[in-house]
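Here are a few friendly notes to read alongside the model. Please have the structure open as you go through the points.

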Amino acid sequence: MGIRSWFGRGDAEQQEEYVVPPAPTEKDVLASLNRVNAMLHDGNAPQVVIARVVAIARTISQTLPRLRSLGLGSDEGYAVVATATDYLPEAVAGYLRLPRDWADTRPIDGAKTALMILIDQLELLGATMDKIFDAANRADAQALVAHGRFLQERFGHDDGGPELTVGAP
């Protein structure tokens with residue numbers, strides 16, 4: 001009898017291991033964004049909400065292919081995936097669970113209605129996704145600048161313009 005048996009863990013439990021679920025794929029992220037879009041239309045969300053969610057979804061969709069440049073395990077990569085699969089759906093669902101007239105007219109946090117609170121949350125998510133998209137593109141933009149400098153040093157001349165000579169002079 002081992003020490004594990006004292007804590008109620010028998011041999012069968014020892015052999016069962018926790019299996020970590022796989023990380024969401026691009027396909028999973030896009031499917032989540034499609035579900036949010038369907039929630040908005042099914043829940044008769046106001047156009048001001050739909051427009052902000054569409055902008056966030058567009059930025060996420062444009063960022064997804066570029067996440068590799070940020071590093072797959074980066075904080076930015078996590079934020080993009082979590083926004084699409086958790087933060088955005090939860091914010092929209094919380095708002096849509098409320099009766100529309102009540103959510104849009106009754107103050108619930110100081111003078112803010114549920115609609116105002118949702119818009120604030122969407123603005124924050126949108127600004128954050130824009131910053132991450134800029135960061136993802138900045139790596140390639142910097143590589144382009146560095147390559148241009150290399151070409152200028154390699155082939156450029158001090159007299160003001162590049163000169164290309166092919167063959168013998």
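1. Is Asn44 buried or exposed? With a relative accessible area of 60%, Asn44 is exposed, because the cut-off for that label is over 50%. Please keep in mind throughout that this is a predicted model.

2. While you are looking at Asn44, check its backbone too. Its phi is positive, at about 55 degrees, although Asn44 is not a glycine. You will find Asn44 in the loop between α3 (26–42) and α4.

3. Ser74 sits between α5 (67–70) and α6 (75–96), in the loop that links them. Ser74 has 12% relative accessibility and therefore counts as buried, the limit being under 20%. A polar atom of the Ser74 side chain lies 2.9 Å from the backbone nitrogen of Gly77.

4. Now to a helix pair. Helix α4 (residues 47–63) packs with helix α8 (residues 114–155) at an angle of about 20 degrees, and their axes are 9 Å apart. That angle makes α4 roughly parallel to α8, since angles under 35 degrees fall in that class. The α4 and α8 crossing is left-handed.

5. Which residues bring α4 and α8 together? From α4, the contacting residues include Val48, Val49, Val53, Ile56 and Ile60, along with Arg52. On the α8 side, among them are Leu115, Leu118, Ile119, Leu122, Met129 and Phe133, as well as Glu123 and Asp130. The residues of this contact divide into 13 nonpolar, four polar and three charged.

Conventions: Residues are numbered from 1 along each chain as its sequence is written. This is a predicted model: local features need pLDDT of at least 70, side-chain atom pairs count only at pLDDT 80 or more; totals for chains, interfaces and linings use all residues. Side-chain values use heavy atoms; hydrogens and water are left out. Helices (H or I, at least four residues) and strands (E, at least two) are DSSP runs, numbered from the N terminus. Buried means under 20% relative accessible area, exposed over 50%, partly exposed in between (1.4 Å probe, protein chains only). A polar contact is a pair of N or O atoms within 3.5 Å; within protein, one must be able to donate a hydrogen and the other to accept it, and residues adjacent in sequence count only if both atoms are side-chain atoms. Axes are lines fitted to C-alpha atoms, for helices over the stretch in contact, and angles run from 0 to 180 degrees between N-to-C directions. Angles under 35 degrees count as roughly parallel, over 145 as roughly antiparallel, 65 to 115 as roughly perpendicular and the rest as oblique. A crossing is left-handed if the near helix is turned anticlockwise from the far one by less than a right angle, and right-handed if clockwise. Contact means heavy atoms within 4.5 Å. Ala, Val, Leu, Ile, Met, Phe, Trp, Tyr, Cys and Pro count as nonpolar, Asp, Glu, Lys and Arg as charged, and the others, Gly among them, as polar.
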